[in-house]
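This report goes through a single protein chain, from its overall form to selected residues. The sequence and the coordinates come first, and the description follows.

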Amino acid sequence: MSKDQGLSDKVKGKVNQAKGEVKDQVGNATDNPNMQREGKKDKLKGSIQEAAGKAKEDSHRY
């Protein structure tokens, strides 16, 4: 596992969070609860990926 792996996870996490935010907002604007739910799920997935990336980077520091 390289240091780049942590960065990759953090970037993927941010992308999923942004994608989720867009889905959530579009779902809200179009009164589509399924899309809102999907957006919230993507945001959570992104948060978890980002945290995993940070943990991987931190583990390589020591």
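## Basis of the description

Helices (H or I, at least four residues) and strands (E, at least two) are DSSP runs, numbered from the N terminus. The model is predicted, so local features need pLDDT of at least 70 and side-chain atom pairs count only at pLDDT 80 or more, while totals for chains, interfaces and linings use all residues. Residues are numbered from 1 along each chain as its sequence is written, and side-chain values use heavy atoms, with hydrogens and water left out.

## Overall form

The secondary structure comes to two helices and zero strands. The radius of gyration of the chain (taken over C-alpha atoms) is 14 Å, well over the 11 Å that the globule rule (2.2 Å times the number of residues to the power 0.38) gives for 62 residues, so the chain is more spread out than a compact globule. Along the principal axes, the C-alpha atoms fill a box of roughly 50 × 10 × 10 Å.

Contact means heavy atoms within 4.5 Å. Among the contacts between residues at least 6 apart in sequence, 64% join residues at least 24 apart.

## Surface and charge

Accessible areas come from the Shrake-Rupley method with a 1.4 Å probe; for residues, only the protein chains shown count as cover. The accessible surface of the chain comes to about 4400 Å², and 55% of this surface belongs to carbon and sulfur atoms. A residue is buried under 20% relative accessible area, exposed over 50% and partly exposed in between (1.4 Å probe, protein chains only). Of the 62 residues, 24% count as buried.

For charge, Lys and Arg count as positive and Asp and Glu as negative, with His and the chain ends not counted. Each charge is placed at NZ of Lys, CZ of Arg, CG of Asp or CD of Glu. The chain has 14 positive and 10 negative side chains, and the centres of the two sets lie 2 Å apart.

## The loop and the helix contacts beside it

Aspartate 31 lies in the loop between α1 (3–29) and α2. Aspartate 31 has a positive phi of about 55 degrees although it is not a glycine, and its relative accessibility of 67% makes it exposed.

Aspartate 24, in helix α1, is buried at 7% relative accessibility. Beyond four places in sequence, aspartate 24 touches Met35, Gln36, Gly39, Lys40 and Lys43. Glutamine 36 belongs to helix α2 (residues 33–61). With neighbours within four places set aside, the contacts of glutamine 36 are Lys23, Asp24, Gly27 and Asn28. From glutamate 38 to glycine 27 the C-alpha distance is 8.9 Å, at a sequence separation of eleven residues.

## Further along α2

Glutamine 49 is found in helix α2. Its side chain makes a polar contact of 2.5 Å with the side chain of asparagine 16. Such a contact is a pair of N or O atoms within 3.5 Å; within protein, one must be able to donate a hydrogen and the other to accept it, and residues adjacent in sequence count only if both atoms are side-chain atoms. Outside four places in sequence, glutamine 49 is in contact with Asp9, Lys10, Lys12, Gly13 and Asn16.

Serine 59 is in helix α2 and is partly exposed at 48% relative accessibility. Serine 59 and glycine 27 are 32 residues apart in sequence, with their C-alpha atoms 38 Å apart in space.
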